[in-house]
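Open the model in your viewer and keep the sequence beside it. This tour tells you what to select at each stop.

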Amino acid sequence: MDKIREYLIQNRDLFGSELFINSIVNTSKYDNYPVLNLNEFKESICGCKECPLGQSRTEFVFGGGDPNANLLLVGEAPGEQEDLKGEPFIGRAGKLLDKILLAIGLNRNKNVFITNVVKCRPPNNRDPLPSEVEKCEPYLNKQISLINPILIVALGRVAAKTLLKLEMPLKDLRDKIHDYSGIPLRVTYHPAALLRNPMLKKAAWEDFQWIQKYINNKS
Ligand code: URA
């Protein structure tokens, strides 16, 4: 308490009465959480009520797949089907994602783990609010450190923005290998965007071919 008081007094003397808390990228209260494996972590957070989505959800959607995956796919938030079953990407967009994975010789249970930025369904599939992302992000960070994939793929704008802290159009984020705490990260279109706009499929296919080569070369 003394240290906190001292910090606050120093802060007030330097900056006035408004407290500015600098959010630190990629760190979270779960980074030092004594959890040994992904299953234990899931058990410890699946009753989460940290934000209002915890009240409205049917199921908490932790994510699923291979806990030792080389490839981690990160979507936005569960939709209706996912909320009912507690599994990620099992609706129309998920079926398309399964087809894409199959086309590059992968499947969701082998060497791939799929999760979302937000673990509970936002009402009417609206975008998650910044406050909801903020509450859920530590869970994603902890998942990444437990899985330790060789490549992270952000599916769509919300995942890209959350992981990279960059406010840029998705097309400008695509053609680059980014870095997430030392893990290479690529951004591609969300499968739901491909369903809405099939013109994007060619670019997404190029991204996944690159992903296939990268995973094959590194593993
Ligand atoms: N869209 C997502 O971003 N995630 C899901 O799990 C389903 C649809």
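The stops below start with the whole chain and then move to single elements and residues.

**Whole chain**

Colour by secondary structure first. This is a predicted model. The protein chain holds 10 helices and six strands. Now colour by burial. Of the 219 residues, 47% are buried. Contacts also reach along the sequence: among those between residues at least 6 apart, 70% join residues at least 24 apart.

**Helix H2**

Select residues 38-45, which form helix H2. Which of its residues are buried? Show the side chains of Leu 38, Phe 41 and Ile 45: these are buried. They lie on the same side of H2, because they cover an arc of only 60 degrees around the axis. Next, turn to the face pointing away from that buried side. Asn 39 and Glu 43 are there, and both are exposed.

One of its side-chain oxygens comes to within 3.0 Å of the backbone nitrogen of Asn 39.

Now look for the cover over the buried residues of H2. It includes strand E3 (112-116) and helix H6 (130-147).

**H2 against H6**

Two packed helices are described by the angle between their axes and the distance between the axes. Here the angle is about 165 degrees, and the axes of H2 and H6 are 10 Å apart. H2 is therefore roughly antiparallel to H6, as an angle over 145 degrees counts as such. The crossing of H2 and H6 is right-handed. Which residues make the contact? From H2, select Leu 38, Phe 41 and Ile 45. From H6, select Tyr 139, Lys 142, Gln 143, Leu 146 and Ile 147. The three H2 residues in this contact are also the ones listed as buried in H2.

**Glu 137 in H6**

Remain on helix H6 and pick Glu 137. Is this residue buried or exposed? Glu 137 is buried, with a relative accessible area of 14%; the cut-off for buried is under 20%. A polar contact of 2.6 Å joins the side chains of Glu 137 and Lys 165. Leaving out residues up to four places away in sequence, Glu 137 touches Thr 162 and Lys 165.

**Leu 73 in E2**

Move to strand E2, residues 71-75, and select Leu 73. Its relative accessible area is 0%, so Leu 73 is buried. What else does Leu 73 contact, beyond its neighbours within four places in sequence? Display Leu 97, Leu 101, Val 112, Phe 113, Ile 114, Thr 115, Val 153 and Leu 155 around Leu 73.

**Two asparagines with positive phi**

The last stops are in loops. Most residues other than glycine have a negative phi. Select Asn 111, in the loop between helix H5 (92-103) and E3. Its phi is near 70 degrees, a positive value. Asn 111 is partly exposed, at a relative accessible area of 25%.

Then go to Asn 124, in the loop between E3 and H6. Phi of Asn 124 is also positive, near 50 degrees. Is Asn 124 buried or exposed? Asn 124 is exposed, with a relative accessible area of 72%.

Conventions: Residues are numbered from 1 along each chain as its sequence is written. This is a predicted model: local features need pLDDT of at least 70, side-chain atom pairs count only at pLDDT 80 or more; totals for chains, interfaces and linings use all residues. Side-chain values use heavy atoms; hydrogens and water are left out. Buried means under 20% relative accessible area, exposed over 50%, partly exposed in between (1.4 Å probe, protein chains only). Helices (H or I, at least four residues) and strands (E, at least two) are DSSP runs, numbered from the N terminus. The arc is that of the directions from the helix axis to the C-beta atoms. Contact means heavy atoms within 4.5 Å. A polar contact is a pair of N or O atoms within 3.5 Å; within protein, one must be able to donate a hydrogen and the other to accept it, and residues adjacent in sequence count only if both atoms are side-chain atoms. Axes are lines fitted to C-alpha atoms, for helices over the stretch in contact, and angles run from 0 to 180 degrees between N-to-C directions. Angles under 35 degrees count as roughly parallel, over 145 as roughly antiparallel, 65 to 115 as roughly perpendicular and the rest as oblique. A crossing is left-handed if the near helix is turned anticlockwise from the far one by less than a right angle, and right-handed if clockwise.
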